[in-house]
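Visitor: Could you walk me through reading a protein model, one feature at a time?
Guide: Happy to. Have a look at it first.

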Amino acid sequence: MSVRQARPFLPLMFIASDPQLTYTERGDARFYARYGQENFQREEDGSFTNLEPSFGNLVLYRATAERAFERFTKGDQFVAEGYAHDYTYERDGQRIAGEEF
């Protein structure tokens, strides 16, 4: 996995999948869930139109991962502060790009 760039942002998000708690080879807890973010378009009259949500991967480690797994379920909304990291990996000879928050 290669990390290219981190961009700070503070969105309102929701847990879009059932959270998973696994452990790394070193024994560190790892929380994983898909997150969704509602998107809106501001109209000329000042109103907002709902657009399709965007989705990404939410990954947390160690004690934070364990607390998140105890507290979050699919559909929960949350505000998060952190960084989005682009990454790439190879699967079956194809380079796959992604982003995790």
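Predicted model: local features only at pLDDT ≥ 70, side-chain atom pairs only at ≥ 80, totals over all residues.

Visitor: Fine. Let's begin inside: which residues make up the largest nonpolar core?
Guide: The idea is to look for buried nonpolar residues joined through their side chains. Here the largest such core has 12 residues: Met 13, Ile 15, Ala 29, Phe 31, Ala 33, Tyr 35, Leu 58, Ala 65, Ala 68, Phe 78, Ala 80 and Phe 101.

Visitor: And which elements give two or more residues to this core?
Guide: Those are strand E2 (12-15), strand E4 (29-42) and helix H1 (62-71). E4 gives the most, with 4 residues.

Visitor: What does Ala 33 touch?
Guide: Leaving aside residues up to four places away in sequence, Ala 33 touches Ile 15, Ser 17, Pro 19, Gly 56, Asn 57 and Leu 58.

Visitor: On to the rings. How many aromatic pairs are there?
Guide: The structure holds 3. Take Phe 72 and Phe 78: their ring centres are 5.4 Å apart and their planes sit at 55°, so this pair is tilted. Phe 78 is buried, at 9% relative accessible area, while Phe 72 is partly exposed, at 24%.

Visitor: Why is the pair of Tyr 87 and Tyr 89 called stacked?
Guide: Planes under 30 degrees apart count as stacked. The planes of Tyr 87 and Tyr 89 are at 15°, with the ring centres 6.1 Å apart, so that pair qualifies.

Visitor: Is each of those tyrosines buried or partly exposed?
Guide: Tyr 87 counts as buried, at 14% relative accessibility. Tyr 89, at 28%, counts as partly exposed.

Visitor: How should I read strand pairing, say for E7 and E8?
Guide: Then check the partners and their direction. Strand E7 (residues 82-91) and strand E8 (residues 94-100) run antiparallel, joined by 7 bridges. Across the pairing, Glu 90 stands opposite Arg 95 in E8.

Visitor: Now charges. How many salt bridges does the structure hold?
Guide: Side chains of opposite charge can pair when their charged atoms come close. This structure holds 2 salt bridges. In one of them, the side chains of Arg 26 and Asp 28 meet at 3.5 Å, N to O. Arg 26 counts as exposed, at 73% relative accessibility.

Visitor: Which residue does Asp 28 pair with at 3.9 Å?
Guide: That's Arg 62, going by the closest N and O atoms. Asp 28 lies in the loop between strand E3 (20-23) and E4, and Arg 62 in helix H1, so the pair ties together parts 34 residues apart in sequence. Through shared partners, the salt bridges join Arg 26, Asp 28 and Arg 62 into one network.

Visitor: Last one: where is Ser 17, and is Ser 17 buried or exposed?
Guide: Ser 17 sits in the loop between E2 and E3. The residue is buried, with a relative accessible area of 17%.

Visitor: What does the side chain of Ser 17 reach?
Guide: The backbone nitrogen of Arg 34, at 2.8 Å. Counting contacts beyond four places in sequence, Ser 17 touches Ala 33, Arg 34 and Lys 74.

Technical notes. Residues numbered from 1 in each chain as written. Heavy atoms only, no water. Phe/Tyr/Trp six-rings, centres within 6.5 Å; stacked < 30°, edge-to-face > 60°. Buried < 20%, exposed > 50% of the residue type's maximum accessible area, 1.4 Å probe, protein only. Core = buried A, V, L, I, M, F, W, Y, C linked by side-chain atoms within 4.5 Å. Contact = heavy atoms within 4.5 Å. Pairing = 2+ DSSP bridges. Salt bridge = Lys/Arg side-chain N within 4 Å of Asp/Glu carboxyl O. Polar contact = N/O pair within 3.5 Å; in protein donor to acceptor, adjacent residues only side chain to side chain.
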